[in-house]
Amino acid sequence: MGAFLYGILLQWKLDIRNKGVLLTYYVVPLVFFGFMGKIFTSIMPETKSTLIYSMTIFGVTMGAILGAPIPISETYGSKVKKAYQIGGIPMHIPLITNLISAFVHLIIMSTIIYFAAPLVFNTSQPINTAVHFAIVANFIITSLSVGAVLGLVIKSASKLAMAAQFIFLPSLMLSGIMFPAEMLPKSLAAAGKLFPATWGFEMMKTNILDFKGLLPLLITIALCAIACTLIIKSKRQIY
Amino acid sequence: MSTAIKVENLIKSYGQNTAIKGISFNVNKGEVFALLGINGAGKTTTLECIEGLLKYQSGKISIDGSFGVQIQSSSLPENIKAIEAFTYFCKWNKANIDLSIFESLGLSEIKNKQYCQMSTGQKRRLHLALALIGSPDIIFLDEPTAGLDVEGRAALHGQIRKLKSMGKTILLSSHDMAEVESLCDRIAILKDGRIVFIGTSRELTAEMHSKISLQIKTSKPLEKTDFIHSTFTGTDSEYTTFITSNIGDSLIELLNFLKNSSNPVVDIRIVHQSLEESFLGIAKEGK
C-alpha cells in the first residue's frame with residue numbers, strides 16, 4: 001500500500017480513537033437525529049418530507065465545522081508538524097488525509113440517516129438517491145473546506161471551538177433546517193446565504209444537481225482551497 | 001579524514017535579534033560531535049539551520065550524505081501507535097519497514113502503545129527510531145536525553161555508542177557536560193551564538209583542569225590585590241580566592257606578599273575546578 005493510502009487509513013483509525021472527533025462525526029448527530037426526529041415528526045408531520053435533509057445538514061455541519069478542524073489544528077498548530085516535516089512528509093499531506101478521512105466518516109453518518117429515517121420515522125426518501133448523495137458529497141466537501149481553514153488558522157483548542165460556533169450556530173438557525181427560511185426577516189435570510197448549509201439544504205429539497213445550485217458551493221470550495229494553500233505555504237516558510 | 005558537515009560563517013537572526021553570529025565548524029565522518037551550551041546559547045537554532053528546518057541569513061552549510069533528525073521540539077498525534085508512526089514514516093521515505101531498529105531501541109514491547117501513553121524516554125526512543133529510518137549516514141540529535149531518568153539516559157547513551165561503532169556521524173546538542181565528555185569526540189561550546197571553544201574532550205578537560213582556585217585564609221582580611229601569577233576573584237567572610245594556572249609560582253608570590261605585609265596565613269586550600277564549573281565558566285563568561 002502506498003504511503004498516501006496508508007496515511008488515509010491511519011487517519012481514519014486516529015479519528016476513530018479520538019473521542020472528541022467521534023462525538024461530532026457520529027454520536028451527537030445521530031442522537032440529535034433520533035431525538036429531534038421524534039419531536040419534529042410528532043408536532044409537525046409535514047417535516048417528514050425534509051427530515052433526512054435537515055438532519056444530514058445538521059450532522060455534516062457539526063462534523064465538518066466542529067469536528068474536522070480538531071485534528072487539523074492539532075497537527076498544524078503543534079510540534080506534530082515539525083515531526084512530519086523532518087520525516088519527509090509533505091506539508092499538505094496531513095491536511096488532505098484528514099479531509100478524506102473526515103469525508104468518509106460524514107458520508108457514513110449521512111447514509112445511516114438516509115436509511116434509518118424511513119424505518120424509524122416513516123419519512124419520505126429523495127426522488128433520486130444518486131442525485132441526493134451527489135449533493136451530500138458536494139455539501140460535505142464544501143463544509144470540510146471551511147473546517148480546514150478554521151483548523152489551519154486557529155491553534156488553540158478553546159479558540160477553535162468558539163470560532164467554529166460562529167459558523168455552526170448561524171448555519172443551523174438561518175439555513176431553514178430548524179424552521180422555514182421564508183419565515184426569517186429578510187436581512188437574516190440574506191445572511192443565511194453566506195453559509196453552505198443554506199445552499200446545501202435547498203439543493204437537497206429540490207433534489208436537483210445543477211450548476212446554478214452548485215455555484216455557491218464551488219465558489220466556497222475554491223476560496224477555501226486558495227486560503228489553505230496560502231496558509232500551508234506560510235507555515236512551511238516559518239521553518 | 002573527510003568532512004560530513006561543514007558550516008561556514010553561519011548567521012541566523014530573528015528580527016533584530018541575532019541568534020547565531022557567524023559560527024564555523026566541521027564535523028568529520030564517523031565522528032560524534034557535540035554542540036554544548038546553556039539554554040539560549042544557539043544550539044537548537046544551529047542544528048535546525050543545518051537540518052534545513054530554519055532559514056538563515058548568511059553562511060554556507062554543506063552536508064555529505066543522507067541524514068536523519070531527532071529534534072527535541074517534535075511530537076506525534078496523541079492516538080498514533082508506535083508501530084503505525086514507524087510504518088508511516090518508512091513508507092514516505094520509501095524505506096523497508098525494518099523492525100530490527102525497533103528491537104534494538106527496546107520499542108518492540110510498546111509497539112502497540114499510543115503516543116499519549118508513552119513515557120518521555122519511550123517517546124525519545126521512538127523519535128530516534130524515526131530518525132534512523134533508511135539507515136542515514138548522519139544523525140542529528142537535539143538534547144536526546146533531556147528529561148530522561150538515569151536508566152533512560154544510559155540506554156540512549158548505549159545506542160549512540162552503537163551508532164558510532166557502525167560508522168555513523170552524529171551531531172548532537174546538549175547542556176550536560178558529563179554526557180558530552182563520555183560520548184563525543186569533539187565539542188564546540190556555544191555562548192550567545194558564538195563558538196567560544198572547539199576541540200576534543202581531552203583538550204577541553206586539559207583546559208579546564210589548567211584553572212586552579214587558590215583559597216587563602218589570613219589573620220587580617222585580605223584586600224583586592226592582583227598578582228603576576230594569579231587573579232583575585234573574590235572574598236567571603238573567611239577565605240580570599242585567586243584563580244591561577246601556575247600553582248607553584250602563585251603560592252610563592254602570595255606567601256612572600258603575606259610575609260612582607262605581616263599577615264600570617266591561617267589556612268590554604270587548593271581546589272581544581274570541576275568539569276561542570278569550568279564548562280559553566282566558559283559557557284557563561286566565555287573564559
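Select A:Gln11 to begin: this residue is buried, at a relative accessible area of 10% (buried is under 20%, exposed over 50%, partly exposed in between, with a 1.4 Å probe and protein chains only). A:Gln11 sits in helix H1 of chain A; helices (H or I, at least four residues) and strands (E, at least two) are DSSP runs numbered from the N terminus. The model is predicted, so local features need pLDDT of at least 70 and side-chain atom pairs count only at pLDDT 80 or more, while totals for chains, interfaces and linings use all residues. Residues are numbered from 1 along each chain as its sequence is written, chains are lettered from A and ligands numbered from 1 in the order in which they are written, and side-chain values use heavy atoms, with hydrogens and water left out.

Show the surroundings of A:Gln11. Leaving out residues up to four places away in sequence, A:Gln11 touches A:Pro71, A:Thr97, A:Asn98 and A:Ser101, where contact means heavy atoms within 4.5 Å. With A:Asn98, the side chain of A:Gln11 makes a polar contact of 3.0 Å. A polar contact is a pair of N or O atoms within 3.5 Å; within protein, one must be able to donate a hydrogen and the other to accept it, and residues adjacent in sequence count only if both atoms are side-chain atoms.

**The interface of chains A and B**

Next, colour by chain. In contact across the interface are 27 residues of chain A and 23 residues of chain B. The two chains bury about 2,300 Å² between them, and 67% of that is on carbon and sulfur atoms; buried area is the accessible area (1.4 Å probe) that two parts lose on being put together, summed over both.

Five residue pairs are in polar contact across the interface, both residues at pLDDT 80 or more. On the side of chain A that touches chain B, the elements giving two or more residues are helix H1 (3–17), helix H5 (80–86), helix H6 (93–121) and helix H11 (211–238). H1(A) gives the largest share, eight residues. By class, this side has 15 nonpolar, eight polar and four charged residues (Ala, Val, Leu, Ile, Met, Phe, Trp, Tyr, Cys and Pro count as nonpolar, Asp, Glu, Lys and Arg as charged, and the others, Gly among them, as polar).

Three salt bridges are counted between chain A and chain B; a salt bridge is a side-chain nitrogen of Lys or Arg within 4 Å of a carboxyl oxygen of Asp or Glu. Select A:Lys82 and B:Glu48, whose side chains meet in a salt bridge at 3.0 Å, N to O.

Ring pairs also link A:Tyr6, A:Tyr84, B:Tyr88 and B:Phe89 into a cluster. Rings of Phe, Tyr and Trp (its six-membered ring) pair if their centres lie within 6.5 Å; planes under 30 degrees apart count as stacked, over 60 as edge-to-face and the rest as tilted.

Over all chains, the count is 15 aromatic pairs. Select B:Phe232 and B:Phe242: their ring centres are 5.8 Å apart and their planes at 75°, so this pair is edge-to-face. B:Phe232 lies in strand S11 (residues 230–235) and B:Phe242 in strand S12 (residues 239–244), so the pair ties together parts 10 residues apart in sequence. B:Phe232 is buried at 15% relative accessibility, and B:Phe242 is buried at 0%.

Turn to the charged pairs. B:Glu143 and B:Lys43 form a salt bridge, with the closest N and O atoms 3.5 Å apart. B:Glu143 is in the loop between strand S6 (138–142) and H5 of chain B and B:Lys43 in helix H1 (residues 43–51) of chain B, so the pair ties together parts 100 residues apart in sequence. B:Glu143 is buried at 7%, and B:Lys43 is buried at 4%.

Now select B:Lys164 and B:Asp185, a salt bridge with its closest N and O atoms 2.9 Å apart. B:Lys164 is partly exposed at 31%, and B:Asp185 is partly exposed at 27%.

Finish at B:Met166, in the loop between helix H5 (150–165) and strand S7 (169–174) of chain B. B:Met166 is exposed, at 51% relative accessibility. From B:Met166 to B:Asp185 is 19 residues in sequence and 15 Å in space, C-alpha to C-alpha.
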